[in-house]
Amino acid sequence: MAVDNEFATTLARFQHRIYAYALMLTGEPGAAEEVVQQVNVVLCAKADDFVRGTDFMAWAAATVRFEVKAFRTKQSRDRHVFDAATFDILAAEADANLSGLDETTAALHQCIERLSDRQRAILRRRYFDNEVVAHIADAMSMTANAVDQSLFRIRKALAKCVEARLNGGRS
């Protein structure tokens, strides 16, 4: 089991999608993180089985489904765990949503590029760097309320832009 650089790079590039898929199946961020850790171990152990040029995410998604089932089995004493039939329905719905994830992500990136430099800076600090609003306000010479309002407007504009792009518009 030797993980080469190309495989490691591909795995890293798909981490957000793997996590999003695990989250769709588990419905809980902590559970999704735990599943993704195990998925990464399994994928690395089976790196030699992956056929280059095939759909990496489809291959990884099968592993995610298996690991979510294993996780659910471990958690089966919890009354909040779905039964197998419900899980299969959720998995089918998640699979359908997974195919649209690339399109949505691409639209979001395009919409972010249309923001002003200042808006992108606020967005990056809050959601990519996980800075608290007060720190962003201090760093950008704004009030915390102004940062909150900016974030609200940015999210609203991004949602509208993504929706328009996905519906064939150019907004």
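Helices here (H or I, at least four residues) and strands (E, at least two) are DSSP runs, numbered from the N terminus. You're looking at a predicted model, so keep the thresholds in mind: local features need pLDDT of at least 70, side-chain atom pairs count only at pLDDT 80 or more, and totals for chains, interfaces and linings use all residues. Residues are numbered from 1 along each chain as its sequence is written, and side-chain values use heavy atoms, with hydrogens and water left out.

**Stop 1: the whole chain**

Color by secondary structure. The protein has eight helices and zero strands, and from the N terminus on the elements read α-α-α-α-α-α-α-α. Switch to a surface view next. Of the 171 residues, 33% count as buried, where buried means under 20% relative accessible area, exposed over 50%, and partly exposed in between (1.4 Å probe, protein chains only). As for contacts (heavy atoms within 4.5 Å), residues 24 or more positions apart account for 61% of those with a separation of 6 or more.

**Stop 2: asparagine 40**

Select asparagine 40, which sits in helix H3 (residues 29–45). Is asparagine 40 buried or exposed? Its relative accessibility is 18%, so asparagine 40 counts as buried. Show what surrounds the residue: leaving aside neighbours within four places in sequence, asparagine 40 is in contact with Leu11 and Gln15.

**Stop 3: H2 against H3**

Two packed helices are described by the angle between their axes and the distance between the axes. H2 and H3 pack at an angle of about 130°, with axes 8 Å apart. Axes are lines fitted to C-alpha atoms, for helices over the stretch in contact, and angles run from 0 to 180 degrees between N-to-C directions. H2 and H3 are therefore oblique to each other; the scheme takes under 35 degrees as roughly parallel, over 145 as roughly antiparallel, 65 to 115 as roughly perpendicular and the rest as oblique.

Now show side chains. From H2, pick Gln15, Ile18, Tyr19, Ala22, Leu23 and Thr26; from H3, pick Pro29, Ala31, Ala32, Glu33, Val35, Val36, Val39, Asn40 and Leu43. These residues make the contact. By class, the contact of H2 with H3 has 11 nonpolar, three polar and one charged residues. For the classes, Ala, Val, Leu, Ile, Met, Phe, Trp, Tyr, Cys and Pro count as nonpolar, Asp, Glu, Lys and Arg as charged, and the others, Gly among them, as polar.

**Stop 4**

The structure holds five salt bridges, each a side-chain nitrogen of Lys or Arg within 4 Å of a carboxyl oxygen of Asp or Glu. Start with aspartate 4 and arginine 52, whose closest N and O atoms are 2.3 Å apart. This pair links distant parts of the chain: aspartate 4 is in the segment before helix H1 (5–13), while arginine 52 is in the loop between H3 and helix H4 (56–74), 48 residues apart.

Glutamate 6 is in helix H1, 46 residues apart from arginine 52. On accessibility, aspartate 4 is partly exposed at 33%, arginine 52 is partly exposed at 37%, and glutamate 6 is partly exposed at 48%.

**Stop 5**

Jump to helix H6 (residues 117–128), where arginine 120 and aspartate 117 lie three residues apart, about one turn of the helix. Their side chains meet in a salt bridge (2.4 Å, N to O). Arginine 120 is partly exposed at 23%, and aspartate 117 is exposed at 59%.

Bring in helix H8 (residues 144–166). How do H6 and H8 pack, at what angle and axis distance? The angle is about 100° and the axes are 10 Å apart, which makes H6 roughly perpendicular to H8. Select Gln119, Ile122, Leu123, Arg126 and Tyr127 in H6, which meet Val147, Ser150, Leu151, Ile154, Arg155 and Leu158 in H8. By class, that contact has seven nonpolar, two polar and two charged residues.

**Stop 6**

Finish in the loops. Asparagine 130, in the loop between H6 and helix H7 (133–139), has a positive phi of about 55° although it is not a glycine. Asparagine 130 is exposed at 58% relative accessibility. Then select serine 141, in the loop between H7 and H8: phi is near 55°, again a positive value in a residue other than glycine. Serine 141 is exposed at 70% relative accessibility.
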